[in-house]
Amino acid sequence: MFTAVGGALGGLVPLGKASSVGVYTPATLRRMVVDFIRENPFKFDENFLGARPERYCDRLLNGMWGGGIELSILSEIFKVEICSVDVKTGTAYRFGEQVSSLESSIFFLWESLGLVARAYSQNTTRTSYSVRQLLTPAV
């Protein structure tokens, strides 16, 4: 998941930063998520995370797969809506739609083995995309 998200984020600038690092590696994104969890202890408590926050953060830093919690945090950090579509069921999971002043949207296709690494990212000047556009390889 972190590899796919990092590729889609490209040059987006994180909240509170003056510039982008350009490339977001999985390790960089994991660290950003962990920092965000630690900076918001009342929001990300044991009940929400399903584990003690420090244990959850340690597991995340040591390779635990990311999911909805991490996608919601990254959407907030980067002010971007992230939509993950389960190809098998057609269900779309949206993260960040409540964030004001969204600058971009990212769409992922979810398969049984994880997020498809290729994502569709576009400025919000266009707000809807057909499934055909999402599935057509970029040239």
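## Aromatic pairs, helix packing and the nonpolar core

A search of the whole structure finds three aromatic pairs. The rings considered are those of Phe, Tyr and Trp (its six-membered ring), and two rings pair if their centres lie within 6.5 Å; planes under 30 degrees apart count as stacked, over 60 as edge-to-face and the rest as tilted. The structure is a predicted model, in which local features need pLDDT of at least 70 and side-chain atom pairs count only at pLDDT 80 or more, whereas totals for chains, interfaces and linings use all residues. Residues are numbered from 1 along each chain as its sequence is written, and side-chain values use heavy atoms, with hydrogens and water left out.

**The aromatic cluster**

A pair of aromatic rings is described by the distance of the centres and the angle of the planes. Two of the pairs are edge-to-face and involve Phe 44, as the table shows.

| Pair | Centre to centre | Angle between planes |
|---|---|---|
| Phe 36 and Phe 44 | 6.0 Å | 65° |
| Phe 44 and Phe 48 | 5.4 Å | 75° |

Phe 36, Phe 44 and Phe 48 form one aromatic cluster. Burial is judged by relative accessible area: buried means under 20%, exposed over 50%, and partly exposed in between (1.4 Å probe, protein chains only). Phe 36 is buried at 13% relative accessibility, and Phe 44 is buried at 2%. Phe 48, with a relative accessible area of 43%, is partly exposed.

**The chain as a whole**

The chain has six helices and five strands; helices (H or I, at least four residues) and strands (E, at least two) are DSSP runs, numbered from the N terminus. Along the sequence, these elements follow the pattern α-α-α-α-α-β-β-β-β-β-α. Of the 139 residues in the chain, 38% are buried. A contact means heavy atoms within 4.5 Å. Among contacts between residues at least 6 apart in sequence, 44% join residues at least 24 apart.

**Helix H5 and its surroundings**

Helix H5 covers residues 68–78, and eight of its 11 residues are buried, so the helix is largely enclosed by the rest of the structure. The buried residues are Ile 69, Glu 70, Leu 71, Ile 73, Leu 74, Ser 75, Ile 77 and Phe 78. They pack against helices H1 (2–9), H2 (26–39), H3 (46–49) and H4 (53–61), and against strands E1 (80–86) and E2 (92–95). After H5 comes Lys 79, whose phi is positive, near 50°.

Leu 74 lies in H5 and is buried, with a relative accessible area of 0%. Leaving aside neighbours within four places in sequence, Leu 74 is in contact with Met 1, Phe 2, Val 5, Leu 29, Val 33, Val 80 and Ile 82. The C-alpha atoms of Leu 74 and Phe 36 are 9.1 Å apart, although 38 residues separate the two along the chain.

Phe 78, also among the buried residues of H5, has its C-alpha atom 9.5 Å from that of Gly 96, 18 residues away along the chain. Gly 96 lies in the loop between E2 and E3 and counts as buried at 2% relative accessibility.

**How the helices pack**

Axes are lines fitted to C-alpha atoms, for helices over the stretch in contact, and angles run from 0 to 180 degrees between N-to-C directions. Angles under 35 degrees count as roughly parallel, over 145 as roughly antiparallel, 65 to 115 as roughly perpendicular and the rest as oblique.

How are H1 and H2 oriented to each other? Their axes lie 8 Å apart at an angle of about 95°, and the two helices are therefore roughly perpendicular. In this contact Phe 2, Thr 3, Val 5, Gly 6 and Leu 9 of H1 meet Pro 26, Leu 29, Arg 30 and Val 33 of H2. By class, these residues are six nonpolar, two polar and one charged. Ala, Val, Leu, Ile, Met, Phe, Trp, Tyr, Cys and Pro count as nonpolar, Asp, Glu, Lys and Arg as charged, and the others, Gly among them, as polar.

The axes of H2 and H4 come within 9 Å and cross at roughly 175°; these helices are therefore roughly antiparallel. Their contact has seven nonpolar, no polar and five charged residues.

**The nonpolar core**

A nonpolar core is a set of buried Ala, Val, Leu, Ile, Met, Phe, Trp, Tyr and Cys residues joined through side-chain atoms within 4.5 Å. The largest one has 30 residues, and those with the most contacts inside it are Leu 9, Leu 29, Ile 37, Ile 73, Leu 74 and Phe 78. Two or more residues come from each of H1, H2, H4, H5, E1 and strand E3 (104–111). Not counting residues up to four places away in sequence, Leu 9 touches Tyr 24, Leu 29, Phe 78, Val 80 and Ile 106.
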